[in-house]
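Reader: Hi! Could you walk me through this model, with the cut-offs as we go?

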Amino acid sequence: MKTGISGISAENIIEKDWWESYEGDGYTFTAAPARHFSGRLFTRDNTLWCSWVLKFGESNIYFAGDSGYFDGYAEIGQKYGPFDMSLMPIGAYDTAWHDIHLNPEVAVEAFLQLQGGQFYPTHWGTFDLALHSWYEPIKWLNELADTHKIKTVTPAPGEWVHLFDNPTDKNWWRKYSSELSLR
């Protein structure tokens with residue numbers, strides 16, 4: 001039995017190019033475009049980075065992965081939207097990384113192009129990869145979501161989320177921010 005680097009059996013690995021799908025028992029995964037560099041060490045950009053469209057039952061979910069902004073969000077939305085929920089990265093942004101990471105403002109723009117449904121923010125709040133504070137992306141996103149009337153799903157780490165249910169407290173993160181907890 002041949003295994004990959006991770007020790008996973010080769011017959012359990014399925015590779016797809018953009019716009020190709022895999023159908024399982026009651027679900028479909030479709031690889032969609034994304035924008036990020038790929039590779040490590042001495043090899044760069046010889047594989048595709050992708051986002052995913054997941055359909056199961058009547059549910060339609062978009063997962064942006066770790067993508068920067070590109071012109072493909074509207075096309076993904078036209079081909080596969082509207083979505084019930086879209087998981088979008090909002091953190092670890094910097095002007096030097098604008099091609100590979102979204103900030104909340106650009107993530108909202110992409111979300112609207114996707115016809116995104118509920119906004120589930122990802123790629124923030126774990127550790128400081130960028131020069132902004134760990135809570136800045138979610139604070140900024142919540143302000144934008146209020147302005148654009150976007151429903152966000154922002155569970156605390158480990159909290160279960162059911163499609164169309166609201167987490168108990170979308171501002172759970174405030175108590176961990178000394179600057180904001182005093183307000």
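Reader: What covers the faces of strand 7, and which residues lie on each side?
Author: Both faces are covered: Met85, Leu87 and Pro89 on one side of strand 7, and Ser86 and Met88 on the other, are all buried. Buried is under 20% relative accessible area, exposed is over 50% and partly exposed is in between, using a 1.4 Å probe and protein chains only. Strands (E, at least two residues) and helices (H or I, at least four) are DSSP runs, numbered from the N terminus.

Reader: Why call strand 7 largely enclosed?
Author: Because 5 of the 5 residues of strand 7 are buried, it is largely enclosed by the rest of the structure.

Reader: Before I go on, where do these coordinates come from, and how is the numbering done?
Author: This is a predicted model, so local features need pLDDT of at least 70 and side-chain atom pairs count only at pLDDT 80 or more, while totals for chains, interfaces and linings use all residues. Residues are numbered from 1 along each chain as its sequence is written, and side-chain values use heavy atoms, with hydrogens and water left out.

Reader: Thanks! Which strands make up the sheet, and in what order?
Author: It is an open sheet of 6 strands with mixed pairing, in the order 1-2-5-6-7-8. Strand 1 (21–23) and strand 8 (118–122) are the edge strands, each pairing on one side only. From one strand to the next, the twist averages 15 degrees. Two strands pair here if DSSP finds at least two bridges between them.

Reader: And which pairs are parallel or antiparallel?
Author: Strand 6 and strand 7 pair in the parallel sense over 3 bridges, and Ile61 has Met85 of strand 7 as its bridge partner. Strand 2 (residues 27–33) pairs with strand 5 (residues 50–56) in the antiparallel sense, over 7 bridges. Strand 5 and strand 6 are also antiparallel, over 5 bridges.

Reader: How many residues sit between strand 5 and strand 6?
Author: The two form a hairpin with 2 residues between them, and Gly57 in the turn has a positive phi of about 60 degrees.

Reader: Which residues other than glycine have a positive phi?
Author: Trp19 is one of them, at about 75 degrees, and Gln115 is another, at about 65 degrees. Most residues other than glycine have a negative phi, and most peptide bonds are trans. Trp19 is in the segment before strand 1 and is partly exposed, with a relative accessible area of 27%. Gln115 lies in the loop between helix 2 and strand 8 and is partly exposed at 37% relative accessibility.

Reader: Where would I look for a cis peptide bond?
Author: Go to the bond from Gly81 to Pro82, which is cis with omega near -5 degrees. Pro82 is in the loop between helix 1 (72–80) and strand 7.

Reader: Switching topic: what is Trp140 in contact with?
Author: Trp140 is in helix 3 (residues 136–148) and is partly exposed, with a relative accessible area of 24%. Leaving aside neighbours within four places in sequence, Trp140 is in contact (heavy atoms within 4.5 Å) with Tyr93, Asn103, Pro104 and Glu105. Trp140 and Glu105 are 35 residues apart in sequence and 7.8 Å apart in space, C-alpha to C-alpha.

Reader: Last one: how many helices and strands does the protein have?
Author: It has 4 helices and 8 strands, and 39% of the 183 residues count as buried.

How values were computed:
Axes are lines fitted to C-alpha atoms, for helices over the stretch in contact, and angles run from 0 to 180 degrees between N-to-C directions.
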